[in-house]
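Here is a short briefing on one protein chain. Look over the sequence and the model before reading on.

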Amino acid sequence: MKTKRILLAVIIIAILVAIDQYTKYLVVTNMQPYSDEKKIIGDSLVLYFIKNTGAAWGSFSKNTPVLAGISVVMIIFLGYLFFKNIERDDRKLLRIFTIITIGGAVGNLIDRIRLNYVVDFIYAKFINFPVFNFADICVTVSAFMLVILYIFIYKDDEEESKKSSKINESSTEETEADSHEESQEEETEIESETQDIF
């Protein structure tokens with residue numbers, strides 16, 4: 001079961017990265033940055049190619065190495081989260097959204113390493129939202145869902161697990177204390193019997 005889940009995760013991540021990189025390839029080979037604009041839904045949603053050297057809204061501009069490092073740390077943490085819950089059947093949604101987030105993070109990391117910028121091309125003009133890409137959708141939506149899952153579902157589960165572990169620890173300590181007392185009583189009885197003999 002564990003091996004199958006790992007294999008499935010790798011396949012899904014590979015598919016998401018392939019979709020991300022292919023859409024970016026189409027944009028780069030068919031559009032000029034900062035000039036061409038192709039309508040998707042009227043003037044509300046358009047394709048508009050930019051070379052993003054930062055994060056959303058142009059923050060951390062020209063800090064590609066730092067952002068790449070953050071991406072690596074995030075991927076490692078998400079991988080840890082996935083393997084931590086890999087054998088739990090009640091954490092299927094968590095594993096799915098973790099995998100999707102990793103796929104998006106890897107897609108943008110490839111851009112930063114290969115191009116020194118991220119290819120963004122989806123522009124929601126009607127709300128003047130920052131230009132984004134397929135990988136950004138994967139990361140944003142899945143990370144949001146992970147937060148929701150932890151707040152409303154897994155938080156109570158984690159607290160119950162901690163309580164049960166504490167109860168188990170206390171019961172273990174009590175058992176050890178009882179056994180220690182019993183052993184002391186046995187030792188006392190043996191000593192008294194020895195004294196009676198001698």
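What pattern does the protein chain follow, read along the sequence? The pattern is α-β-β-α-α-β-α, with four helices and three strands in the protein chain. Helices (H or I, at least four residues) and strands (E, at least two) are DSSP runs, numbered from the N terminus.

This is a predicted model: local features need pLDDT of at least 70, side-chain atom pairs count only at pLDDT 80 or more, and totals for chains, interfaces and linings use all residues. Residues are numbered from 1 along each chain as its sequence is written, and side-chain values use heavy atoms, with hydrogens and water left out.

**Whole chain**
- Of the 198 residues, 32% are buried; buried means under 20% relative accessible area, exposed over 50%, partly exposed in between (1.4 Å probe, protein chains only).
- The accessible surface comes to about 13000 Å², and 63% of that belongs to carbon and sulfur atoms. Areas come from the Shrake-Rupley method with a 1.4 Å probe; for residues, only the protein chains shown count as cover.
- Among contacts (heavy atoms within 4.5 Å) with a separation of 6 or more, 63% link residues 24 or more positions apart.

**Nonpolar cores**
- A nonpolar core is a set of buried Ala, Val, Leu, Ile, Met, Phe, Trp, Tyr and Cys residues joined through side-chain atoms within 4.5 Å.
- The largest nonpolar core has 18 residues; I13, I75, F82, L94, I99, I102 and L146 touch the most other members.
- Helices α1, α2 (64–84), α3 (92–114) and α4 (134–197) each supply at least two residues of this core. The most come from α3, with six residues.
- Another core, of eight residues, lies apart from it and includes V27, Y117, V119 and I122.
- Leaving out residues up to four places away in sequence, F82 touches R5, I6, A9, R95, T98 and I99.

**Residue L16**
- L16 sits in helix α1 (residues 2–30) and is buried, with a relative accessible area of 13%.
- Beyond its neighbours within four places in sequence, L16 contacts I99, I100, G103, F134 and C138.
- L16 and G104 are 88 residues apart along the chain, yet their C-alpha atoms are separated by 7.0 Å.

**Sheet**
- Three strands form an open sheet in the order β1-β2-β3, with antiparallel pairing. Two strands pair if DSSP finds at least two bridges between them.
- The edge strands, β1 (38–41) and β3 (118–124), each pair on one side only.
- Six bridges join β2 (residues 45–52) to β3, and L45 stands opposite A124 in β3.
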